[in-house]
Amino acid sequence: MDATAEQVAAGLRTAYETADLAALGELLHPDVRWGGAEDTPDTCHNRSDVLAWYRRGYESGMRATVTEVLTRPGAVFLALRVSGRAPGKAILVHQVFRLTDGLVADIRGYPERDLAVARFEG
């Protein structure tokens with residue numbers, strides 16, 4: 001049985017807020033893609049790439065707190081307050097997660113909420 005968007009959102013919240021890579025990995029499709037429309041050196045092309053990126057971030061002290069969640073069939077939107085990149089500063093990022101077979105298959109990040117919500121709704 002495929003996980004619902006609400007179940008995936010709850011799992012993402014737990015994984016981010018506890019920095020649990022194993023929990024995050026269980027939510028990711030093996031061929032998950034994370035990045036913009038075009039490939040760059042930072043684009044992740046599979047579960048291992050995504051987990052390696054998060055591992056590096058967690059090892060450097062980066063942490064995320066979920067501040068907003070939206071769900072609809074096949075998609076999850078999260079607003080994340082990310083700290084640890086610069087001492088005493090946190091940034092707000094917005095991510096849209098597309099689901100395939102109940103797993104996160106595509107992740108896109110946006111600096112502005114309106115752009116992310118438009119992608120989420122589209």
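1. Basis of the values. Residues are numbered from 1 along each chain as its sequence is written, and side-chain values use heavy atoms, with hydrogens and water left out. Because the model is predicted, local features need pLDDT of at least 70 and side-chain atom pairs count only at pLDDT 80 or more, whereas totals for chains, interfaces and linings use all residues.

2. Buried here means under 20% relative accessible area, exposed over 50%, and partly exposed in between (1.4 Å probe, protein chains only).

3. Not counting residues up to four places away in sequence, Tyr16 touches Tyr54, Tyr58, Ala64, Val66, Leu78, Leu80, Gln95 and Phe97, where contact means heavy atoms within 4.5 Å.

4. Strand E1. E1 is mostly covered, with 5 of its 7 residues buried, and 3 bridges join E1 to E5 in a parallel arrangement; two strands pair if DSSP finds at least two bridges between them. Trp34 stands opposite Ile107 in E5.

5. His29. This residue is found in strand E1. Why does His29 count as buried? The relative accessible area of His29 is 19%. Leaving aside neighbours within four places in sequence, His29 is in contact with Arg47, Thr100, Leu103, Val104 and Ala105, and a polar atom of the His29 side chain lies 3.0 Å from the backbone nitrogen of Asp31.

6. Helix H4. The buried residues of H4 are Ala116, Val117 and Phe120, and because they cover an arc of only 95° around the axis, they are on the same side of H4; the arc is that of the directions from the helix axis to the C-beta atoms.

7. Arg113. The place of Arg113 is in helix H4 (residues 113-121), and Arg113 counts as partly exposed because its relative accessibility is 34%. Arg113 touches Glu68, Leu70, Phe77 and His94, again not counting residues up to four places away in sequence. The C-alpha atoms of Arg113 and Leu92 are separated by 9.1 Å, although these residues are 21 residues apart along the chain.

8. Two loop residues with positive phi. Most residues other than glycine have a negative phi, which gives a reason to look at the next two residues. Ala19, in the loop between H1 and H2, has a positive phi near 55° without being a glycine, and at 22% relative accessibility Ala19 counts as partly exposed. Asp101, in the loop between E4 and E5, has a positive phi of about 55° and is not a glycine either, while its relative accessibility of 55% makes Asp101 count as exposed.

Note on methods: Helix = DSSP H or I, 4+ residues; strand = E, 2+ residues; numbered from the N terminus. Polar contact = N/O pair within 3.5 Å; in protein donor to acceptor, adjacent residues only side chain to side chain.
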